[in-house]
Amino acid sequence: MAVLKHIASKNAHYGDAIDYLKYEYDEMRMKPVLDRNGNMKLRSEFILDGINCNPETFDAECEMLNASFHKNQGFGDIKSHHYIISFDPKDQEDHGLTGEKAQAIGLEYAKNNFPGHQALVCTHMDGHNKSGNIHVHIVINSLRKYDVERQDFMERPCDSRAGYKHHLTRDYLKHLKHSLMEICLRENLYQVDLLSPAETKITEQEYWAGRRGQEKLDKLNEKIVEDGLTPMKTKFQTQKQFLRDAIDDAATSAASLEMFRTILLEKYGIKLTESRGRYSYLHPERNKNITGRALGTRYEKESLLARFKENEIAGRAENSTIRPVDENRNEENRTSTQDSFKDNAETVRDEQTKRSTIFDSSYDYESDPIAILYIRSELRLVVDLQNCTKAKLNQAYAQKVKISNLKEMAKTIAYVQEHGYGTRDKLQDSYDEITQKMKDSRKALRSTEEQIRSVNQQIHFTGQYLANKSVYGQMLKSRSKKKFRQEHSDEITLYEDARKFLKEKYPDGQFPSMKSLREKREKLSAQQKAQLNTYTNYKNAQKDLQTICSNIDSILGQGRTLKQEQEQTIS
């Protein structure tokens with residue numbers, strides 16, 4: 001089955017695209033593979049052609065065209081578009097697909113769908129990620145070089161004229177997919193319906209996040225195994241994949257929406273929300289919902305309701321074959337099952353926490369050893385049976401809590417021994433140290449946020465100042481300044497307010513440019529993101545140590561938790 005992928009690039013170095021097509025690359029880190037002498041290794045097998053350009057001078061020709069039309073000069077401009085056509089590995093044996101044939105298909109596809117653009121068409125026979133499939137790369141300069149005849153798929157008049165940029169819309173993308181399907185059907189190649197939404201939708205970003213997360217988890221597990229311990233988790237799972245697995249599991253037994261919602265919440269900690277006829281899911285570690293459409297059609301409302309209906313029909317058929325029994329006994333069993341289900345909700349969530357431990361692929365764990373120790377803890381607070389009213393009223397629940405407490409005590413002791421906390425005071429010192437680091441990181445984060453607010457305010461008034469400066473200059477040159485001011489009072493007032501703010505901020509009159517302010521905001525935003533990660537990790541570490549301290553106090557029989565000591569100190 002041929003699949004089409006699209007990547008928009010803002011990289012101004014067009015030579016990087018040529019290097020990627022010609023030389024071997026580490027797909028995980030997007031860095032070239034070097035030989036012993038530090039030189040890039042040429043790919044073993046590839047076919048490279050150029051359209052409206054020489055493939056060896058593609059970068060220079062693109063830069064000359066951009067300069068002639070004064071386009072693609074900004075940092076945020078899309079410089080090139082990268083399309084990838086991946087064929088089914090079986091096409092080679094079943095339908096005689098070769099690299100030469102795939103290259104011919106890629107050239108035809110590029111000429112028909114990207115007319116007038118400078119383009120590189122390159123076929124790789126080694127397969128993507130060692131999969132063995134033939135795939136074609138098409139890299140085009142976003143700026144059109146030649147005027148062409150207008151085609152039916154072009155939505156705007158300028159889409160056929162030189163000097164205008166490639167504009168990918170939803171309808172255009174549908175045309176590109178339909179064009180690829182027609183070619184594959186004509187060549188008798190395996191093909192799926194690219195126009196229909198996928199049952200399981202995995203984006204390029206999610207795919208690589210999973211690959212990077214698995215690699216980091218494997219490295220972390222190697223260190224754990226070297227220390228003689230057993231890794232708690234061996235398979236990395238993205239948040240979206242966790243939702244998919246949980247939804248599939250819950251949908252296999254749920255016969256109604258309410259039952260489905262209950263299983264997701266109590267077993268997996270996932271909240272289901274319905275808005276405007278669509279389902280969305282809140283992951284336990286997120287503050288923003290993930291829509292069912294982002295997961296795939298299998299996880300949207302229509303598909304799930306159909307599965308619930310099937311489960312309901314199957315349940316009725318199964319119940320009709322069961323021999324009738326005493327109704328009073330049935331009612332008693334149902335009540336007991338419901339009570340047991342509610343009583344064990346917390347225990348089930350504990351087990352799910354163990355299964356859903358996730359390694360954050362976006363965080364630099366090497367630079368912060370604390371984060372390695374506190375990825376996510378499965379430790380829970382030990383329940384105080386003496387003050388637990390529910391345990392006193394329900395003997396079965398009390399027995400389960402006793403078993404759970406023993407497990408948590410064993411985990412706590414193992415944790416203390418593993419990290420070398422010889423005394424309770426040493427554990428308290430570690431907790432105090434982490435708490436102080438958390439407070440310091442929070443202060444730094446708030447300081448950065450305040451700086452970002454200040455820069456945003458400066459950008460606002462600088463833009464206001466520049467937008468109305470010409471009107472104010474016209475007023476100064478006007479013969480009747482009073483009349484001109486009355487006619488343009490709003491613009492002049494905005495200008496004077498902005499000038500007053502900027503003069504108070506910069507008494508020397510040297511106002512910063514919009515470009516420098518935006519660059520400063522970008523740096524502060526990157527700094528804010530890093531500080532937020534640091535604060536989050538310290539906060540998680542502090543919570544875990546607080547749990548350890550409370551459990552240790554319960555084991556020692558002190559009857560005083562860390563929280564109680566803090567409250568007494570504050571009061």
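Modeller: In this predicted model, a helix is a DSSP run of H or I that covers at least four residues, and helices are numbered from the N terminus. With that in mind, α6 gives the most to the negative patch, with three residues.

Colleague: Which residues form that negative surface patch?

Modeller: The patch is formed by Asp218, Glu222, Glu226, Asp227 and Glu418, and Glu222 is one of the residues that lie in helix α6. These residues are called negative because Asp and Glu count as negative.

Colleague: What makes the surface patch with Arg293 one of positive charge?

Modeller: Arg170, Lys174, Lys201, Arg276, Arg278 and Arg293 gather there, and the patch is called positive because Lys and Arg count as positive. Arg293 itself is found in helix α9, which runs over residues 292-295, so this run meets the requirement of at least four residues.

Colleague: Why is the meeting of Lys101 and Glu187 called a salt bridge?

Modeller: Their side chains come to 3.6 Å, N to O, and the cut-off is 4 Å, so the pair qualifies. The two residues are 86 residues apart, with Lys101 in helix α4 and Glu187 in the loop between α5 and α6, and they link distant parts of the chain. A search of the whole structure finds 13 salt bridges.

Colleague: How do you know how confident the predictor is, and where does pLDDT stay under 50?

Modeller: The chain averages a pLDDT of 81, and 82% of the residues score at least 70, but the value stays under 50 over residues 322-327 and over residues 333-376. Where pLDDT is low, the predicted coordinates should not be read in detail.

How values were computed:
Residues are numbered from 1 along each chain as its sequence is written. This is a predicted model: local features need pLDDT of at least 70, side-chain atom pairs count only at pLDDT 80 or more; totals for chains, interfaces and linings use all residues. Side-chain values use heavy atoms; hydrogens and water are left out. Patches are made of residues with over 30% relative accessible area and no salt bridge: like charges are joined within 9 Å, nonpolar side chains (Val, Leu, Ile, Met, Phe, Trp, Tyr) within 5 Å. Accessible areas come from the Shrake-Rupley method with a 1.4 Å probe; for residues, only the protein chains shown count as cover. The place of a charge is taken as NZ of Lys, CZ of Arg, CG of Asp or CD of Glu. pLDDT is the predictor's confidence in each residue, from 0 to 100. Contact means heavy atoms within 4.5 Å.
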